[in-house]
Structure formats: structure tokens, C-alpha cells
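Dear colleague,

I am passing on the structure we spoke about, with some notes on what turned up in it. Please look through it before reading further.

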Amino acid sequence: MNTIEKDQLYLAGTYGRFPLEIVSGKGSVALGADGKEYIDMGAGIAVNTFGYADDVFTSAVAEQLSKVQHTSNLYYTAPAANLAEALVKKSGMKKVFFGNSGAEANECAIKTARKWGVENKGEGAYNIVTLKNSFHGRTVTTLSATGQDVFHKNFDPFTQGFVYAPMGDEAALESLVDDKTCAVMIEFVQGEGGVNVLPESYVKKIFELKKQKNFLVIADEVQTGNGRTGKYFAYQLYGVTPDIVTTAKGLGGGLPIGACLFGDAVKDVLGKGDHGSTFGGNPAVAAGALSVVNRIDDKLLKEVSEKGEYIKNKLAGKPGISSVSGVGLMLGVAVAADAKKVVSSCLNKGVLFLTAKDKVRLLPALNIPYELLDKAIDALLEAVKEEL
Ligand SMILES: *Cc1c(COP(=O)(O)O)cnc(C)c1O
């Protein structure tokens, strides 16, 4: 049996995979088992921040692996402490909890908001407003937080206490927050929902309501964080400060980590025994993540913004390109053809793209060179033309 046959026989059928086995890679180029090279415009869904087999990342992890790979959270380790310090400096938050995924980071945020609600607004103040079309994870609670009905089939009963607001509708939001609301949870740029950037006026309204009605703002930066949008975190594009920030994906540079960052109002809400994770803050993973965070400096962030503008300019007005949404290297391309077919055709041309709803989605490594961007965009334009 080859890998694809074996996978289909022995792995749960939860994924619709592309017909490609990746065996190795370097930077933004993946090598397939078919012996062909592929330009990777998805980076493992915004995870491989510096691409495949990046030397700095690999040696940071390998060096830590050769000392201590795991201790449990009963002991202190330097990588987790150093990573928490680095994240606090990048974010303006005050403390950090580490888990292993985006869903777990959000789970931690939800628990924190609920405890804050009881302590600050009273019994029953547990409602969290999330947005329609949002995506917050796959556990029963984070699925419940996710404002998309497609995810809400067959898994009842769901965790209570979530209320969904149509994105951008200020009056609807105002009517949904009350004395039972502990938090409003948002992605500043919705990823899985179709790369939708929250309007500035809407974000302003959320923070005005927060002042009037006293609730927390949770920023789900699982996908948008760690330089993806040209700022370290997407909320920094808006000049606002959330109370809780969650992040994962690109933070680990390819290894599993999730982080829940606490601002002033909630930095001491969780106490001993309130939460935990066996692997959370694992030294090898944290050492790799620290190397990633340390490299996301102003120069790189500027490059990310410039590359985003460069791609937008290259696509603007071309045949079959309806519009481009998003910011930095988180872009959604609306095409006048079936996006899934366009992405399949690009794979045959040696370029890996993603989809989000009915758009072609781009989430390349932050250090992808311009010459690869050129080739990838040319392949996309050609594929769209063929599918028109
Ligand atoms: C991917 C994603 C999640 C879930 O992260 P996992 O690591 O798959 O659990 C949550 N929120 C957003 C915004 C995401 O993009």
C-alpha cells in the first residue's frame, strides 16, 4: 500500500485531503512524493511562519530537545517563561496561559470570561456574544462559540451561553449585550468565514458598548496573530486593546501550541487549580515558538504589509478576479469561477492554495520571496482563466 491508500484505510475519514503526499520541504517550497516541487501558499493553514525546515527554527527546537523535552507543569522551565515574557511585550497583555491548540486557547478564554462574569457582574452573567460566520474551534464548547450552522449538526447538546450577532450590524450587537453578558468574542479578520475584515466603525462600537455595559472583549487571534496581518496582532491595526487575546497557529512555527493572553482586568482571574494542560508550554515547542516570536520584528511586519499590497495590485482588474479581501498575508480572492476547481488546477500547476467559503485563500509563510509570489499569482490567474 502507498501512503494515500494506507491513510484512507487506517485514518478516520474526517479530512477531504488534496491528492498530494508531502515528503519534505525548504522555505516556501514543498516536495511531493511524486517528485514534483510545489510553491506553498497555505503554510499549513498559517502555521509554518517561516516555511519548511527553517534553519533558525529547527535548531532552536533541536537544541532544546537535546536538553529537556518535557517536564509537566509541576516544574519551572525557561522556554515557557521566556516565551510568555516575549508575548506580553508584543501584546501589551500581562500574563499568559499555554495550551496546545487554538481551540484550547479559546476554551481558556471562555472559562476566564465566565469566572470574571460571576465575580464582577453576578451569578448568571455568562453569556458570550460571538459573530455569525466566526470560527473558534472544534471542541463542543468552541463549536458552540462558532457562529456557523454547518458546524452545529449531529453534536447536540452544545454548551450553553453563546449568542450570535450578525457581523457589522451595530444595532443588533447593542440589543444582544446586557447584564448577562460577560464577553464579546471576535476575530478582527474572520479566517475560515471567508477572510472578512471587521469594519473599523463596528470595532469602535464594540469598545463603546464595552464601556457602557461592562463586558470583556476577547480577540481570537489564532489565525490573525503572529505577524500575519502586518501587525503582531490584528487588533493593533485598529488601535484598540482587548481584555483577552488568544493565539495559536503561526505561534508554534509548525509545532502545536496555543496561548491565552490576559490583560489587566483578568490577569489574576484564573488561580491555582482553575485550569491546566499536561503539554501546555512544553519546552521544545516553546523554544521553537520563542525563536518565531523574536523574528517577527518591525522590518518583517512591514514586509508582510508590502507583500499583501503587492499581491492585491497584481490581482486587481485581472480577468476572473472579482475582488480581494484581507490584509497582509491573509487574503481571500473572490473569483468568477469555482474556487475549489481553481485550487485543484493550481495544484496541478505546482502551487498549493487554500479555500475559505467560496474564495481562494492565501496564507503563505511570512518570509516567502517575491519571485515565488510572482509564480504563484501567475498560476492562479492562469487557472482562473481556464475555469471561466
Ligand atoms: C484555526 C482556528 C481555530 C482553531 O484552532 P485549532 O488549533 O485547530 O484548534 C480557532 N480560531 C480561529 C480564528 C482559527 O483560525
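An oxygen atom of the ligand lies 2.8 Å from a polar backbone atom of Ala 103, a nitrogen atom of the ligand is 2.8 Å from an N or O atom in the side chain of Asp 220, and an oxygen atom of the ligand is 2.8 Å from an N or O atom in the side chain of Gln 223. The ligand taken alone exposes 380 Å², of which the protein buries 82% (Shrake-Rupley method, 1.4 Å probe).

This is a predicted model, in which local features need pLDDT of at least 70 and side-chain atom pairs count only at pLDDT 80 or more, while totals for chains, interfaces and linings use all residues. Residues are numbered from 1 along each chain as its sequence is written, and side-chain values use heavy atoms, with hydrogens and water left out.

The residues around the ligand (a heavy atom within 4 Å of it) include Phe 135, His 136, Glu 187 and Lys 249. Helix 5 (residues 102-121) contributes the most to this shell, with 3 residues (helices are DSSP runs of H or I, at least four residues; strands are runs of E, at least two).

Turning to the backbone, a cis peptide bond with omega of about -5° joins Asp 156 and Pro 157, and Pro 157 sits in the loop between helix 6 (140-145) and strand 6 (162-165). Asn 226, in the loop between strand 10 (216-220) and strand 11 (244-247), has a positive phi near 60° and is buried at 2% relative accessibility (buried means under 20% relative accessible area, 1.4 Å probe, protein chains only).

Best regards

Methods. Polar contact = N/O pair within 3.5 Å; in protein donor to acceptor, adjacent residues only side chain to side chain. Buried < 20%, exposed > 50% of the residue type's maximum accessible area, 1.4 Å probe, protein only.
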